[in-house]
Amino acid sequence: MRNLSLKAYFSRVFLYSFALLLVFLHSCQQVRPVAQKPYYYTLTIAHVNDTHGHLEPEPVRLAHGRDAHTVDIGGFTRLSSALEDVRRSNSNVVFLHAGDVFVGTPYFLKYLGQADLECFNAMGLNALALGNHEFDKGPAPLSVFIKGAKFPVLSANVDFSGEPLLRDIVKPYAVLEVGGEKIGVIGVTTPDTQKISQGKSKAIFFDPLAALQLYVVQLKSMGVNKIILLSHLGYGKDLELAEKLSGVDVIVGGHSHTLLAHTLLPHPLQAHPLPAQTPQDSDVLKAFGLFPEGPYPTEVKGADGRPVLVVQAWDNGKELGVIKVDFDADGVITSYKAEPVIIVSSVQKEEETPAFTGFLKELVSGGTFKVYHESYGVHDIVQRYKSPIEKFMKEVVAKAGENLIRGYNTGPGPLVADSFAMKTRYLGVSLAIVNAGAIRSNLFKGDVTVGDVYTMLPFGDTLVVMELTGKQLREAIEESVDFLVKRGKKPPYLYVSGFSLSV
C-alpha cells in the first residue's frame, strides 16, 4: 500500500477503525486453545537493535565477587561469527534489526551509516525497522542508506508523503519467503521521533496500533499467517501493544536498550526446558553486575487470545537475540526455545592473572556469554573503514586553556554534565548528573582531539531524561555516594550541572 497524503489522513483513520472492527469479529470466531494442533514449522529469529555505529567491541566492566574486570563485548566481526553459528545450527533463519543504526561512534560521524550498511549487507540482514536516530541527520543520509540496502527498510506508522527522498523507498511491511513459508514483517517507529530527533523532517508520525492492525489484516488476506512486528517503540510499549493486537506472533523490539534474560525453568510454551537445578540466566547476569528487566521472551496474550512473544537484545551489538519458534499449520505458536547470547571478544583487555583467568572461565561456562573469533569477511570491511577513522581521531576539535583533572566535581566531568543539560534543554531539563565512572581520563592544556574526547567518554552511554522531586533527587545522590563510600571509593562521586552538593 502506497503512502497517503496528509489530506487523506482522516480517511486513513476511518479505514484503520474499520480494520479493527473486522479483526475483532474475525478473532471472535478464531480464538482456540494454544497448541491445539501439532507442530508444523520452525522459524529461527536472530535479531539486534540499537547498534548505534558500534562496529568495534565495547569495553564493559563486569562484576566478579568483590572485584570487577573489563572485557570487550560485541563488535560486528564477532556478531557476524555468532550469526554464522546460528545459521550452521538451524534452518529457516531470519536476521532482523529493530532500529537505530545511526549515531553513536566516530564511524557514524565519518560515514553517516555507510560502514554499518556494508556490514549488514554482508551479514545478510533480512529487514530493518526505522529508529528515531535514523532521522537525526535529515532525509538525505537516510535515503542514501536505504537505497544501498539489500534488505527492506520498514515503518508502518509514518506518512512520508511530504518527504520526496523517502516516500517511495520506505515500506510498511515485507513478506519474506523462508523455507517455503511466507513470513510477514511489519516495521514501526516511535511517534516520539518528532520530538526527540535532532533532524528536520516533514514526515508525520502517528499512533501505531491502528496502522499495524490494518497491515496485519492485509497480510492475512494474502495468506500470511506468521507475522513479526519489528518495533522501535521500547519494551514497555511493546508489552502494551502485544495485548491490544490480533494476529501478531512475535515482537522484536528496540529503542529502550533492554537486556532480557531467558529462564531455564519450564513455561507453558517453552520447548525442552533444561533441568530446574540449572541456574536461571537472570541469576547468571546478576552475578556479573547486569540486571535484566524481564524474561526473554516475555509471553503476552494478544487480543485474539493467542500467544505473543516479546524479545529485545540489549544494545550496541553486544548481544545476538536468538529464538526458535514452532508454529502449527494455522500459524499459531505451539512452543519456542530461547538461545540469546552475549558476544565476548577473544581479545583480553587485562593482563593474565589467576583472578582474571578464573573470571573469564566462569563467565563463559554457562553459555549466556560466549567467546567468538572474528568473521574475516566482515573484518575486512571494518578494517577498510577503520583506517580513515584513526586519522579522524587525531582531528583537533577544541583547545583547553588549562589542565582539566578529574576531581570533586572538577575537571572535564562538569563540562560533560553541562553539555547533557544543554543537549536536552528543549525538553525542559534544568539539572544533569553524570556518573563519575563514565569520565575515564583527564584533558590537558592544549589541543583536544576527537580521540581525546572518545578516550574520556568511551562507553557511548544513553542519555536518559526523567522527572524527579527534590526529595527524590537528594535520596538518589545520597544513596549513590553512600554506596561508593562503603566500597572504599574516593571522590569524585558525581559530576553535576544546575546545582551543587557537598559531601
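1. Val465 counts as partly exposed because its relative accessibility is 42%.

2. Confidence in the model. The model is a predicted one. Its mean pLDDT is 85, and 86% of the residues reach 70 or more. Over residues 13-35, however, the pLDDT is below 50, and this stretch has 22 contacts in the model beyond near neighbours in sequence. Residues 272-278 also have a pLDDT below 50, with six such contacts beyond near neighbours in sequence. Where pLDDT is low, the predicted coordinates should not be read in detail.

3. Overall make-up. The protein has 14 helices and 22 strands. Of its 503 residues, 52% count as buried. The accessible surface comes to about 23300 Å², and carbon and sulfur atoms account for 55% of it. Among contacts between residues at least 6 apart in sequence, 76% join residues at least 24 apart.

4. The structure holds 14 salt bridges. In one of them, the side chains of Lys370 and Asp85 meet at 3.0 Å, N to O. Lys370 belongs to strand S18 (residues 369-372) and Asp85 to helix H2 (residues 76-89), so the pair ties together parts that are 285 residues apart in sequence. Both partners are partly exposed: Lys370 has a relative accessible area of 35%, and Asp85 has one of 21%.

5. The surroundings of Asp304. Where is Asp304 found? Asp304 lies in the loop between strand S13 (298-301) and strand S14 (307-311). Its side chain reaches the backbone nitrogen of Gly247 at 3.0 Å. Asp304 also forms a salt bridge with Arg306, with the closest N and O atoms 4.0 Å apart. Asp304 counts as buried because its relative accessibility is 10%, and Arg306, at 14%, counts as buried as well.

6. A salt bridge within one helix. The side chains of Arg474 and Glu478 meet in a salt bridge at 4.0 Å, N to O. These residues are four apart in helix H14, so about one helical turn separates them. Arg474 is exposed, with a relative accessible area of 59%, whereas Glu478 is partly exposed at 47%. Elsewhere, salt bridges that share partners join Glu58, Asp315 and Lys318 into one network.

Technical notes. Residues are numbered from 1 along each chain as its sequence is written. This is a predicted model: local features need pLDDT of at least 70, side-chain atom pairs count only at pLDDT 80 or more; totals for chains, interfaces and linings use all residues. Side-chain values use heavy atoms; hydrogens and water are left out. Helices (H or I, at least four residues) and strands (E, at least two) are DSSP runs, numbered from the N terminus. Buried means under 20% relative accessible area, exposed over 50%, partly exposed in between (1.4 Å probe, protein chains only). A polar contact is a pair of N or O atoms within 3.5 Å; within protein, one must be able to donate a hydrogen and the other to accept it, and residues adjacent in sequence count only if both atoms are side-chain atoms. pLDDT is the predictor's confidence in each residue, from 0 to 100. Contact means heavy atoms within 4.5 Å. Accessible areas come from the Shrake-Rupley method with a 1.4 Å probe; for residues, only the protein chains shown count as cover.
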